[in-house]
Amino acid sequence: MQPIRLGLVGYGKIAQDQHVPAINANPAFQLVSVATQGQPCAGVENFKSLSELLENGPQVDAIAFCTPPQGRFALVQQALAAGKHVLVEKPPCATLGEAMALASQAQEQGVSGLFAWHSRYAPGIEAARDWLASRTLQSVQIDWKEDVRKWHPGQAWIWQPGGLGVFDPGINALSIATHLLALPLFVESAELRVPSNCQSPIAASIKMSDARHLDVRAEFDFDHGHEELWSIEIRCTEGTLRLDNGGALLSIDGVPQAVSEEGEYAAVYRHFQQLIGDKASDLDLQPLRLVADSFFVGSRASVEPFYD
Ligand SMILES: NC(=O)C1=CN([C@@H]2O[C@H](COP(=O)(O)OP(=O)(O)OC[C@H]3O[C@@H](n4cnc5c(N)ncnc54)[C@H](O)[C@@H]3O)[C@@H](O)[C@H]2O)C=CC1
Ligand SMILES: O=C1O[C@@H]([C@H](O)CO)[C@H](O)[C@H]1O
């Protein structure tokens, strides 16, 4: 079978760290072109814009979007209008409305779309989901803390409107929680701590629940020091499940469990390939909705300025 010819837009940190290695390791895809505004990608044709890539580049079947969320809507819209399948990094857009419009457009165009919630593909997630399916949940504690300087060095966009601040990594935890828990979550309250020189929070505390009054709490911190804390602990009547290292490790009552050997981005691209083959889409909006609702009901405190 011919590989899926892929273009990529936005050759920045995540494209270099994860997307291009995962694409190159998957024979179902062939990366043929990149549109970016920074350093070019070796071994493929590079363009300054998506328009140039579409007009002057080699034919592509699908496009992966790795630009910041602000401004991504118009780009993905353009790719969908050109009849391309799209893989869109998290968070899919700067607003829920934009993401909803893209989901509708993908359906109208009859192409495949994937809002790529990469943390859902962490090795321990499916085993955790299987274990939880027959358990009675009591409470969920999420701690998602990392150093913004390490993961987003010099990225001004993350502090600007639409950039999400600490919710940029926090949405990964929310994408796992919404995948693991059977009932839809909603935000009851939130405290957002916003540096006085930024538009987006550097830390947040969120209280969520569901229709069965599940107690779900999340602590997000973007100024945590070099060692990440990416954990989700779910207490059930039958025992306690814990995910660590962003879902790479799974334990139940303190006993380590077997997990998948596939990496997050390898699984993301395998899923995208499957969706294209099945003429299907996976465009879940729930993690973005929880972020939007946190901004709706959240109280804001101004904290000391942030400098990179
Ligand atoms: N930094 C990380 O570790 C991770 C980031 N992500 C997500 O990936 C997305 C991008 O993040 P990063 O790679 O960290 O950002 P980045 O700022 O390092 O890279 C963005 C790239 O997009 C390019 N770009 C911006 N506008 C463009 C346009 N209109 N046309 C072509 N290229 C354009 C920039 O030149 C830059 O190379 C974000 O949504 C982020 O949440 C996901 C997982 C991890
Ligand atoms: O999506 C993201 O993931 C983290 C980090 O790459 C580990 O998963 C990063 O802060 C955020 O943008």
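Ligand 2 sits in the largest pocket of this predicted model. A pocket is an open set of points on a 1 Å grid over the protein atoms alone, with protein on both sides within 12 Å along at least five of seven lines. Sitting in a pocket requires more than half of the molecule's atoms to lie within 2 Å of its grid points. Local features need pLDDT of at least 70, side-chain atom pairs count only at pLDDT 80 or more, and totals for chains, interfaces and linings use all residues. Side-chain values use heavy atoms, without hydrogens and water, residues are numbered from 1 along each chain as its sequence is written, and chains are lettered from A and ligands numbered from 1 in the order in which they are written.

The residues around ligand 2 (a heavy atom within 4 Å) are Lys 90, His 118, Glu 146, Trp 151, His 152, Asp 168, Pro 169, Asn 172 and Trp 230. Helix 7 (residues 167-180; a DSSP run of H or I, at least four residues) gives the largest share of this shell, 3 residues.

A polar side-chain atom of Glu 146 lies 2.3 Å from an oxygen atom of ligand 2. For Asp 168, the side-chain N or O atom is 2.6 Å from a ligand 2 oxygen. For His 152, the corresponding distance is 2.8 Å. Taken alone, ligand 2 exposes 310 Å², and the protein buries 83% of that (Shrake-Rupley, 1.4 Å probe).

Key:
Polar contact = N/O pair within 3.5 Å; in protein donor to acceptor, adjacent residues only side chain to side chain. 1 Å grid on protein atoms, 1.4 Å probe; cavity = no way out; pocket = protein on both sides within 12 Å on 5 of 7 lines; lining within 4 Å. Helix = DSSP H or I, 4+ residues; strand = E, 2+ residues; numbered from the N terminus.
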